[in-house]
Each structure stands twice: as C-alpha cells, then as structure tokens.
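Welcome! Please take a moment to look over the sequence and the 3D view below, and then we can walk through them together.

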Amino acid sequence: MAISILNKIEYLVLLVSAFAAQSKVSEAEAYRYLSRYGALALCEKHYGIMHTLSLEENLQTLQEYCQRKGGTL
C-alpha cells in the first residue's frame, strides 16, 4: 500500500476514535454514525486540507456536518 493511503487510513481511524470519545459512544457506533451521515466520505475527499487543521476543529466540523444531515449526536 502506498504511504499516502496508509496516512489517510490512520487519520480516519484517529478521527473516528476521537469522535467516539467526544460523543461518549463506542468506536463502532461512531464509525456507523459518521458513515451513515456521509462524514467519512467528506473526510476522505478533503483529507488534503483536513489533516492540516486541528483535531478539535475537525471534530466540530464533523459533528455539525452530521447534524445538518439529520444526525443527533
């Protein structure tokens, strides 16, 4: 696997884990929630920008994005 793909995977895992901790849900629940509302696709698409921003800023963005799409966490 290319280094860039591994970096992207590691970053997505970090985001899911941090989102789970922030939302007080399991990592599996956080993954399903972020996937259901399109946040993981958003992260994959905009990885080039997102990985340069703070984790807190990205978590806030993911939460707001999911809420706009109907999420309740």
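Let us begin with E44, which counts as partly exposed because its relative accessibility is 40%. This is a predicted model, and E44 forms a salt bridge in it with K8, the closest N and O atoms being 3.0 Å apart. The pair links distant parts of the chain, with E44 in helix α3 and K8 in helix α1, 36 residues apart. K8 also counts as partly exposed, because its relative accessibility is 23%.

How many salt bridges does a search of the whole structure find? The search finds 1.

## Helix α1 and its surroundings

Helix α1 has 21 residues. From its first C-alpha to its last, α1 reaches 30 Å, close to the 30 Å expected at 1.5 Å a residue. Its buried residues are Y11, L12, L15, V16, A18, F19 and A20. What covers these buried residues? The cover includes α2, α3, α4 and α5.

There is also a nonpolar patch on the surface, formed by I3, I5, L6, I9 and V13. Together, these residues have about 440 Å² of accessible area. One of them, I5, is found in α1, and I5 counts as partly exposed because its relative accessibility is 43%.

## The loop after α1

Following α1 comes K24, which lies in the loop between α1 and α2. Is K24 buried or exposed? K24 counts as exposed, because its relative accessibility is 74%.

The backbone here is worth a look as well. K24 has a positive phi of about 60° although it is not a glycine. For context, most residues other than glycine have a negative phi.

## Helix α2: one buried face

Next comes α2, where A30, Y33 and L34 are buried. Seen down the axis of α2, these buried residues fall within an arc of 95°, so they line one face of the helix.

The buried residues of α2 pack against α1, α3 and α5. Just after α2, G38 takes a positive phi of about 80°.

Helix α5 covers residues 55-68, which makes 14 residues. From first C-alpha to last, α5 reaches 20 Å, close to the 20 Å expected at 1.5 Å a residue. Which residues of α5 are buried? They are N58, L59, L62, Y65 and C66. Viewed down the axis of α5, the buried residues fall within an arc of 130°, so they line one face of the helix. These residues pack against α1 (3-23), α2 (27-36), α3 (39-45) and α4 (47-50).

On the other side of α5, E56 and R68 are exposed. E56 counts as exposed because its relative accessible area is 58%, and the cut-off is over 50%. The C-alpha atoms of E56 and A18 are separated by 9.0 Å, while the two residues are 38 residues apart along the chain. A18 is one of the buried residues of α1.

## After α5

Just after α5, G70 takes a positive phi of about 110°. T72 also lies in the segment after α5, and T72 is exposed, because its relative accessible area is 75%.

Where does T72 sit relative to Y33? The two are 39 residues apart in sequence and 9.5 Å apart in space, C-alpha to C-alpha. Y33 is one of the buried residues of α2, whereas T72 is exposed.

Definitions and conventions:
Residues numbered from 1 in each chain as written. Predicted model: local features only at pLDDT ≥ 70, side-chain atom pairs only at ≥ 80, totals over all residues. Heavy atoms only, no water. Helix = DSSP H or I, 4+ residues; strand = E, 2+ residues; numbered from the N terminus. Expected span 1.5 Å × (residues − 1). Buried < 20%, exposed > 50% of the residue type's maximum accessible area, 1.4 Å probe, protein only. Arc of directions from axis to C-beta. Contact = heavy atoms within 4.5 Å. Patch = residues over 30% accessible without salt bridge, like charges linked within 9 Å, V, L, I, M, F, W, Y side chains within 5 Å. Areas by Shrake-Rupley, 256 points an atom, 1.4 Å probe, with all protein chains shown as cover. Salt bridge = Lys/Arg side-chain N within 4 Å of Asp/Glu carboxyl O.
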